[in-house]
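Biologist: I am new to this structure and would like to learn how to read it. Could we go through some of its features one at a time?

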Amino acid sequence: MPIATRITLAVCLLTAAAAARAQNATPAAAAKVWLSAALEDPKKQDAVLTALRVSGDRDAAPIFAALTRSGDKRHRLAATAALARLAPEQAPPVLLERLRQDSLHTIRAEALAQLLELKAISVEQLQEAVQIDDDNIRCLAARGLVRLGQKTQAAAVLRKLVESKDLATACLARVTLVGLGEMDHLAPLGAAMHDASTADSIVALVLQQAGDEKALPVRELAGEIAGSARPVAVRVMAYKTLAALAPDGPALLAKAILEQKQIILRVHLMNLLSSADNNRQALTSLADDDGTIGVLAKLELGRAAQDAQAGQAAGQALHLGHPVVVDYVLDRVGKDVAAHGAKTDYYTAPLLGFIRSLDSDSREMSVAHIRAARAATLLCDLGTPAAMAGIKELATGRHGTLTQAVAGGMRWSKNRSVCDIARLMLDNPYHAVAVDAAMTLGMFGDPQARDPLARLLARHDREQTTLVTLAAWYLLKIESQSLLAAQDLAKQIK
């Protein structure tokens with residue numbers, strides 16, 4: 001670290017420490033001191049900002065709003081995206097400022113993409129954006145104008161952009177023009193998509209846009225890519241586009257599922273089918289399959305009926321143990337729990353069974369244990385007596401990797417009732433479990449987390465920076481000072 005930086009940091013630490021002593025060094029005051037110093041430390045900045053972003057706490061929004069004006073281009077770019085997620089209702093004015101004023105086109109494009117995603121930009125503002133001297137920004141703005149009904153003006157811009165040196169921009173411009181009926185762009189678009197040197201990411205972007213914009217003439221091209229040697233993720237996107245453009249998307253997907261042999265592709269196609277409208281007939285046709293697909297089809301039919309069949313099928317699918325299948329089931333259960341809450345208690349037994357089936361004696365957490373943590377989060381969010389009793393048994397029983405997985409899963413639950421279990425874990429002799437319990441309580445602003453979080457902050461030189469950041473942030477939340485602290489911390493960002 002340069003001498004000037006070390007001197008600046010030392011002054012900051014001394015000043016902050018003096019301020020903390022003036023406030024009798026309360027845990028919240030010490031937390032603000034540490035965060036202030038860490039934001040000035042180049043070695044800690046990234047970890048601190050990552051932790052605050054991942055926390056999902058909207059009180060941190062002032063820090064990210066200030067970062068969008070930072071002299072550090074990496075921080076500006078990351079903050080531009082993070083602010084839209086943390087505080088979507090507060091983000092538009094800040095994003096518009098970045099679009100109009102930032103010195104980097106990459107950041108201006110990110111700001112425009114976020115504004116479009118939030119549907120927080122007007123025709124007039126898009127007309128202003130198409131004048132910016134950057135092909136990517138102009139393409140985004142023109143496509144935005146199409147969505148808002150300004151097709152004539154957008155087409156004039158897009159016709160120029162098909163000559164862009166950036167292949168992605170040229171292809172995306174052609175897709176929109178084809179969707180507007182300008183068929184002379186279809187052949188060169190197809191040539192680019194079939195070219196082996198065209199990046200998979202570009203092919204996927206083109207397919208996604210074709211589906212979103214209902215560019216019907218691209219359907220044949222999507223079918224060709226679906227049957228190509230492109231990676232699974234690209235082929236799945238091709239099938240998604242095909243389904244969006246086909247007269248009977250569910251039937252098309254069901255047929256593709258039966259024809260495919262690769263389990264990963266089949267499961268991804270099931271994911272598309274389960275999200276499609278009017279899919280019952282297609283799912284019923286797959287339910288007679290005596291393998292994985294039949295089980296997943298029964299799960300989807302049970303989900304639609306909101307009955308016990310969904311729980312039984314989820315248990316069978318989880319028992320299969322294939323990682324892609326497990327991820328599929330956890331995703332679907334998560335959607336149901338979020339939508340229907342305690343009515344989906346039929347998922348409790350299969351989720352608990354899945355967690356208990358994993359190795360509890362391994363020395364290190366595996367990917368399977370991370371999935372068990374996700375299952376624990378779902379059980380906590382479900383929050384029924386049976387679900388919480390199972391979580392309590394697992395979290396307070398004999399220590400092992402499953403205990404760690406459950407403790408970690410509790411940290412991400414939105415159900416305040418997990419605090420009752422977390423309090424029982426604060427004195428756990430295993431540091432990782434006790435820390436997760438304190439973090440769980442801290443996230444909800446529970447005062448019983450104050451002392452363990454303060455101890456974690458006091459050991460800041462021996463703990464991961466992300467953990468210390470969250471400990472400091474939650475200490476502020478416990479005292480209802482997190483928003484005020486964020487507003488003060490934002491003032492020191494340069």
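This is a predicted model: local features need pLDDT of at least 70, side-chain atom pairs count only at pLDDT 80 or more; totals for chains, interfaces and linings use all residues.

Biologist: Let us start with helix packing. At what angle do helix α17 and helix α21 cross?

Modeller: The general idea comes before the case. Two packed helices are described by the angle between their axes and the distance between the axes. Here, α17 covers residues 263-275 and α21 covers residues 323-340; their axes cross at roughly 15° and come within 10 Å. Angles under 35 degrees count as roughly parallel, so α17 and α21 are roughly parallel to each other. Their crossing is right-handed.

Biologist: Which residues of α17 and α21 make the contact?

Modeller: From α17 come Ile264, Val267, Met270, Asn271, Ser274 and Ser275, and from α21 come Val324, Val325, Tyr328, Asp331 and Arg332. By type, this contact has six nonpolar, three polar and two charged residues.

Biologist: Now a second pair. How do α10 and α11 pack?

Modeller: Helix α10 spans residues 151-161 and helix α11 spans residues 167-179; the angle between them is about 140°, and their axes are 8 Å apart. The cut-off for roughly antiparallel is over 145 degrees, and α10 and α11 are therefore classed as oblique. The crossing of α10 with α11 is left-handed. On the α10 side, Ala155, Leu158, Arg159 and Leu161 take part, and they meet Thr169, Ala170, Ala173, Thr176 and Leu177 of α11. The contact of α10 with α11 counts six nonpolar residues, two polar and one charged.

Biologist: Next, the backbone. What should I look for in phi?

Modeller: Most residues other than glycine have a negative phi. Lys214 has a positive value, with phi near 55°. Gln306 also has a positive phi, near 55°.

Biologist: Where is Lys214 found, and where does Gln306 lie?

Modeller: Lys214 sits in the loop between α13 (200-212) and α14 (219-226). Gln306 belongs to the loop between α19 (292-305) and α20 (308-320).

Biologist: Is Lys214 buried, exposed or partly exposed, and what is its relative accessibility?

Modeller: Lys214 has a relative accessibility of 47%, so this residue counts as partly exposed. Gln306, with a relative accessible area of 37%, is partly exposed as well.

Biologist: On to cysteines. How many disulfides does a search of the whole structure find?

Modeller: The search finds zero. A disulfide needs two cysteine sulfur atoms within 2.5 Å. For Cys139, the closest cysteine sulfur is that of Cys171, 10.0 Å away, which is too far for a bond. For Cys419, the closest one is in Cys380, at 10 Å, again too far for a bond.

Biologist: Are Cys139 and Cys419 buried or exposed?

Modeller: Cys139 is buried, with a relative accessibility of 1%. Cys419 is buried too, at 2%.

Biologist: Last, a single residue. In which helix does Leu352 lie, and what does Leu352 touch?

Modeller: Leu352 is part of helix α22, residues 348-356. Because its relative accessibility is 7%, Leu352 counts as buried. Leaving aside residues up to four places away in sequence, Leu352 touches Leu379, Ala386, Gly390, Ile391 and Leu394.

Biologist: How many residues apart in sequence are Leu352 and Val178, and how far apart in space?

Modeller: They are 174 residues apart in sequence, and their C-alpha atoms are 51 Å apart in space.

Key
Residues are numbered from 1 along each chain as its sequence is written. Side-chain values use heavy atoms; hydrogens and water are left out. Buried means under 20% relative accessible area, exposed over 50%, partly exposed in between (1.4 Å probe, protein chains only). Axes are lines fitted to C-alpha atoms, for helices over the stretch in contact, and angles run from 0 to 180 degrees between N-to-C directions. Helices (H or I, at least four residues) and strands (E, at least two) are DSSP runs, numbered from the N terminus. Angles under 35 degrees count as roughly parallel, over 145 as roughly antiparallel, 65 to 115 as roughly perpendicular and the rest as oblique. A crossing is left-handed if the near helix is turned anticlockwise from the far one by less than a right angle, and right-handed if clockwise. Contact means heavy atoms within 4.5 Å. Ala, Val, Leu, Ile, Met, Phe, Trp, Tyr, Cys and Pro count as nonpolar, Asp, Glu, Lys and Arg as charged, and the others, Gly among them, as polar.
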